Amino acid sequence: MAEIMPGIVCDPEIKGGKPVIKGTRVTVDVVLGKLAGGATYEEVMHEYALTKEQVFAALRYAAAVLS
């Protein structure tokens with residue numbers, strides 16, 4: 001398992017190696033998709049049992065990849 005950014009890991013054994021929130025099986029793209037679809041970060045936190053910091057880690061990862 002490789003931590004590719006703080007709070008984001010890739011492991012071929014978890015979700016086929018897609019970036020996931022560390023300590024979960026929740027992929028970054030799921031978090032981004034929910035937020036883009038209009039969910040608040042509080043709703044995402046509740047639905048996937050994530051912390052605010054974990055949601056922000058997904059956003060930071062996406063911003064870094066796109067920059």
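## Loop residues with positive phi

Ala-49 lies in the loop between H2 and H3. In this predicted model, the phi angle of Ala-49 is near 55 degrees, a positive value in a residue other than glycine. Ala-49 counts as exposed because its relative accessibility is 67%, and the cut-off for exposed is over 50%.

Lys-15 is found in another part of the chain, the loop between E2 and E3. Phi of Lys-15 is near 55 degrees, again a positive value in a residue other than glycine. With a relative accessible area of 41%, Lys-15 is partly exposed.

## Length of helix H3

Helix H3 runs over residues 52–66 and has 15 residues. At 1.5 Å a residue, H3 should span 21 Å.

## The buried side of H3

Which residues of H3 are buried? They are Gln-54, Val-55, Ala-57, Ala-58, Tyr-61 and Ala-62. These residues cover an arc of only 155 degrees around the axis, and therefore lie on the same side of H3. An α-helix has 3.6 residues a turn, so residues three or four places apart point the same way.

What covers the buried residues of H3? The cover includes three strands, E1 (2–5), E2 (8–10) and E3 (20–21). It also includes two helices, H1 (28–36) and H2 (41–48).

Terms used: Residues are numbered from 1 along each chain as its sequence is written. This is a predicted model: local features need pLDDT of at least 70, side-chain atom pairs count only at pLDDT 80 or more; totals for chains, interfaces and linings use all residues. Side-chain values use heavy atoms; hydrogens and water are left out. Helices (H or I, at least four residues) and strands (E, at least two) are DSSP runs, numbered from the N terminus. The expected span of a helix is 1.5 Å times one less than its number of residues. Buried means under 20% relative accessible area, exposed over 50%, partly exposed in between (1.4 Å probe, protein chains only). The arc is that of the directions from the helix axis to the C-beta atoms. Contact means heavy atoms within 4.5 Å.
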